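Morning, everyone. I'd like to talk about pockets today. Here is the model.

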Amino acid sequence: MEKRSLLITGGTGILGSWVLGKALERGYAPVVLMRDADMDHARERLRAVLALPGCEDRLDEIKIVLGDTCKSDFGVSEAQLQDFRENLDLVIHCAASISFNPKKDFELQSANVDGLRYMMNLLEDTEIPLYHVSTAYVAGSHHGRTMESDLLDTQCKNTYERTKREAEGIFRDALESGRTRGAVFRPSII
């Protein structure tokens, strides 16, 4: 049986690296989109991340694609985009800017909103499910119980909360209209 192919964005981040380790553990064929300048640097960063769950010997099981979720074409060739559309079984989108005090707000907009929008565009008209990693911080300044199904219109404390809420809203609209398949994950503090 052929392994299922899983694209992970943000694969060297705290949550993305955990997802990557679990993907290997569960028999997936992971593809990791990395914005490194060259493959050697990407491999070294990935090797360091894989050492945490004790998977550094499995680096060769991972396909690394150099690219950037902040670019509409991910900075990859049309052939690579077509390969994604034809060969991926699912995508877990962990890539994000998690700064609460960014020097440039547009960086959060680009990473948190545009990156998700570009991924949704890539997967449009495919059956590939997209799992979007949001955050519990989309609740903003709301106090009290908030259900995961709630996307409240409360005051946001910073650009991070605002951009993650905006991204989740765009994604939920696409899910409800049937333009996208998948789910939202909302971790809290990691």
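One term before we start. When I say nonpolar, I mean Ala, Val, Leu, Ile, Met, Phe, Trp, Tyr, Cys and Pro; charged means Asp, Glu, Lys and Arg; the others, Gly among them, are polar. Keep in mind that this is a predicted model.

Now, the largest pocket. Its volume is about 870 Å³. The lining has 34 residues. Closest to the centre sit Cys94, Ala95, Ala96, Ser97 and Ile98. Which elements give two or more residues to this lining? They are α1 (14-25), β2 (29-34), α4 (105-123) and α5 (159-177). Of the elements, α1 gives the most, with three residues.

On to the second largest pocket. Here we have about 290 Å³. Thirteen is the number to note: 13 residues line this pocket. Nearest its centre are Trp18, Val19, Arg26, Ile92 and Phe185. Two or more residues come from each of α1 and β4 (90-93). How many residues does α1 give to this lining? Five, the largest share.

What about residue classes in the second largest pocket? Its lining holds 11 nonpolar and two charged residues, with no polar ones.

Definitions and conventions
Residues are numbered from 1 along each chain as its sequence is written. This is a predicted model: local features need pLDDT of at least 70, side-chain atom pairs count only at pLDDT 80 or more; totals for chains, interfaces and linings use all residues. Side-chain values use heavy atoms; hydrogens and water are left out. On a 1 Å grid over the protein atoms alone, a cavity is a set of points where a 1.4 Å probe fits but cannot get out, and a pocket is an open set with protein on both sides within 12 Å along at least five of seven lines; lining residues have an atom within 4 Å of a point. Grid points are joined across faces, edges and corners, and a volume is the space filled by probe spheres set on the points. Helices (H or I, at least four residues) and strands (E, at least two) are DSSP runs, numbered from the N terminus.
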